[in-house]
Amino acid sequence: MEQFEKLGLCEHVLKTISAKKFKKPSEVQEKAIPLILEGKDVIAGSATGSGKTLAFSSGIVKYTEKGTGVRGLILTPTRELAEQVAGAMSELSYYKGLEVVPIYGGMSMNNQIKKLTYADVVVATPGRLLDHLQRNSVNLSKVKFLVLDEADRMWDMGFKDDVAKIVKACPKDRQTLLFSATINSELEDFSEKHMKNPVEVSVESYVDASKLKQIYYDVRDDEKFSLLVHLLNNEKAHLVMIFCNTRRNTDFVAKNLNDAGISAQAIHGGMEQNKRSRIMKGFDDSRVNVLVCTDVAGRGLDISGVSHVYNYDLPLDAKDYIHRIGRTARAGAEGIAINILASRDYNNFMNIQKNNENLFIERVMTPQFKKIYVKFDSPRRPRGNFSGRNESRGGNFPRKNVGHGRTHRNSSRNRH
Ligand code: AMP
């Protein structure tokens with residue numbers, strides 16, 4: 001606790017930290033909290049799992065008086081992240097009694113309008129918050145703290161203009177904190193325009209290489225699913241996340257795993273929020289221990305105890321690979337990332353290795369496994385890698401092209 005006290009955190013936050021039995025501050029907390037509490041604008045390189053929520057909440061909880069309007073505004077790229085951050089902030093501000101309100105699409109507008117009348121802190125996705133601004137159902141004129149969480153992802157998802165409009169509705173006299181796994185030139189432009197002498201804080205990779213093992217198997221395109229089933233049946237796992245590049249693949253894998261007797265749930269941006277929340281609850285309660293997801297759905301989910309991350313498809317973006325494997329080997333636990341590679345994944349795999357030179361992904365012998373026959377829902381078999389709709393997020397937002405739908409000539413009719 002002493003190390004947390006030294007950072008200058010208020011007693012309310014310290015009480016929560018003590019209740020949560022955190023032993024020492026994470027790197028981003030150690031570096032960013034003193035600056036934030038001094039009132040500096042901060043740009044922090046960090047990602048999910050780094051402890052960034054506590055870092056950016058520290059100033060908001062310390063300096064916000066209850067019932068004085070919306071003082072803290074946190075923008076997040078996804079609904080899941082908004083919900084997760086709002087939950088964490090409610091805990092951190094529990095002893096101060098702040099009202100933390102999550103605002104995102106897919107939920108009742110009226111209910112949100114009611115809550116916005118007494119919110120102290122709003123955690124929002126840009127699209128829905130902009131709807132509220134246009135209806136005058138939110139007042140941002142009292143905002144003292146503006147946080148952009150996972151800013152790179154927000155830009156990737158096409159929220160740049162929405163964010164700019166929201167920033168304009170906030171007072172100039174505010175503190176701005178930008179958290180992002182990567183800082184590109186567009187984010188630099190943003191910081192030049194909207195931040196005051198920001199201090200940059202960078203942290204080491206959040207993947208603990210000593211705890212995380214990364215391996216890959218080479219298989220034929222039509223053997224991927226069979227190997228996946230074999231590994232799931234033979235590896236001793238606690239919670240498993242399987243990543244696919246598209247919504248269609250996610251549904252395909254989850255459905256066929258269930259048919260193969262493995263209880264799995266798909267989660268992706270095309271689902272209603274209530275359904276996603278229900279799925280997450282089942283996963284939290286360990287009723288289901290295999291979650292099949294896309295990058296968008298997987299990112300931001302705060303799930304502890306993931307022992308295995310599978311890449312059923314290798315992501316096109318090398319950053320997504322780091323985010324995926326960062327879901328395991330967290331908080332000192334061990335984890336393994338298993339890549340199932342077929343010819344259609346090689347380009348992406350090479351790109352990932354090129355962009356992350358210090359990754360060590362070991363090739364392992366492919367074991368003997370039983371062929372599994374798979375079923376497709378659609379009348380027409382998806383091409384090559386079953387790259388249906390590219391996953392980006394639900395709604396009418398610009399999509400980043402993450403697909404690589406090459407047809408593989410040797411793929412067989414009904415094996416996968
Ligand atoms: P975040 O990166 O903010 O999403 O935090 C990731 C997870 O780490 C959450 O479950 C936090 O409760 C947890 N956490 C945050 N700070 C610490 C810490 N100093 N020690 C241990 N766990 C932490």
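At what angle do helix 6 and helix 7 pack, and how far apart are their axes? The legends below take up this predicted model view by view.

**View A. Packing of helix 6 against helix 7.** The two helices, residues 109-116 in helix 6 and residues 126-134 in helix 7, pack at an angle of about 70°. Their axes lie 12 Å apart. Angles of 65 to 115 degrees count as roughly perpendicular, so helix 6 is roughly perpendicular to helix 7. On the helix 6 side, Met-109, Gln-112, Ile-113 and Leu-116 make the contacts. Arg-128, Asp-131 and His-132 meet them from helix 7.

**View B. The β-α-β unit around helix 6.** Strand 3, helix 6 and strand 4 form this unit, and it is right-handed. Strand 3 covers residues 100-103 and strand 4 residues 121-124. The strands pair in the parallel sense, over four bridges. Val-101 stands opposite Val-122 of strand 4.

**View C. The largest nonpolar core.** This core holds 43 residues. Phe-225, Leu-228, Ile-242, Val-253, Leu-257, Val-292 and Tyr-310 have the most contacts inside it. Helix 11, residues 224-234, gives the most to this core: six residues.

**View D. Surroundings of Val-292.** Leaving aside residues up to four places away in sequence, Val-292 touches Ile-242, Cys-244, Thr-250, Val-253, Ala-254 and Leu-257, among others. Its partners also include Ala-264, Gln-265, Ala-266 and Ile-267.

**View E. A second, separate core.**

Definitions and conventions
Residues are numbered from 1 along each chain as its sequence is written. This is a predicted model: local features need pLDDT of at least 70, side-chain atom pairs count only at pLDDT 80 or more; totals for chains, interfaces and linings use all residues. Side-chain values use heavy atoms; hydrogens and water are left out. A nonpolar core is a set of buried Ala, Val, Leu, Ile, Met, Phe, Trp, Tyr and Cys residues joined through side-chain atoms within 4.5 Å. Buried means under 20% relative accessible area, exposed over 50%, partly exposed in between (1.4 Å probe, protein chains only). Contact means heavy atoms within 4.5 Å. Two strands pair if DSSP finds at least two bridges between them. A crossover is right-handed if, with the strands pointing away from the viewer, the path from the first strand over the helix to the second runs clockwise. Axes are lines fitted to C-alpha atoms, for helices over the stretch in contact, and angles run from 0 to 180 degrees between N-to-C directions. Angles under 35 degrees count as roughly parallel, over 145 as roughly antiparallel, 65 to 115 as roughly perpendicular and the rest as oblique.
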